[in-house]
Amino acid sequence: MGENNHRPRELSEGEVRARALESLLREKGVLQGEVVDEIIDIYTNDIGPLNGARAIARAWTDPAFRSRLLENATKAVAELGIGGMEGENLVAVENTDEVHHVIVCTLCSCYPWPVLGLPPRWYKDTPYRARVVREPRAVLREFGTVVPDDSEIRVLDSNAEVRYFVIPQRPKGSEHMSEEELTALVTRDSMVGVTILPDIEPKVATR
């Protein structure tokens, strides 16, 4: 894969203005660094991945939508009002008992922002980008994820032309949950492929 596929894109006018405004507010003391960090953390872990979680929950409950998502993820998520910069060429891949997918960008940090929010720090770090290609099982174990030996692991390299995200396996025990409840189960890390969603423990009846 050529390095040109990972070329950094130019900032849009809106992004340039946003960064300039942030710098000015910091300089004037109006915007504190801790506040910015908190906002980024919320968007990285909660608000951003909610879009992807909605798409996953819909795919779990609607076979026709699942087919459209696997065929053309960009168009499918647009049905849910999801789209924008860094989401023009989305590709969804599905984890199964036979194949487990994990996403990386080996040369920079290409990432499907519209469905996953901001990339976590570890995704951009050199150790993850280098090691997950060479020793994916070892890296996944560090996330607490053990993939059975008889399951294939496919490492997919995102770039400027295509940005992958994972449809994790639906947890056992969630068969009777609503789409909204299923959305709450999906995590960012499961959509990157570094974790597996836990099964739902049956409720124990109490007297």
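pLDDT is the predictor's confidence in each residue, from 0 to 100. The views show a predicted model, in which local features need pLDDT of at least 70 and side-chain atom pairs count only at pLDDT 80 or more, while totals for chains, interfaces and linings use all residues. Residues are numbered from 1 along each chain as its sequence is written, and side-chain values use heavy atoms, with hydrogens and water left out.

**View A. Confidence along the chain.** The protein chain has an average pLDDT of 84, and 73% of the residues score at least 70. Residues 1-12 have a pLDDT below 50, and this stretch has 22 contacts (heavy atoms within 4.5 Å) in the model beyond near neighbours in sequence.

**View B. The largest nonpolar core.** This set of buried Ala, Val, Leu, Ile, Met, Phe, Trp, Tyr and Cys residues, joined through side-chain atoms within 4.5 Å, where buried means under 20% relative accessible area with a 1.4 Å probe and protein chains only, has 43 residues, and those with the most contacts inside it are Leu69, Val77, Tyr128, Phe165 and Val192.

**View C. Surroundings of Phe165.** Leaving aside residues up to four places away in sequence, Phe165 touches residues including Ile56, Leu69, Val77, Pro112 and Met191.

Technical notes: Buried means under 20% relative accessible area, exposed over 50%, partly exposed in between (1.4 Å probe, protein chains only).
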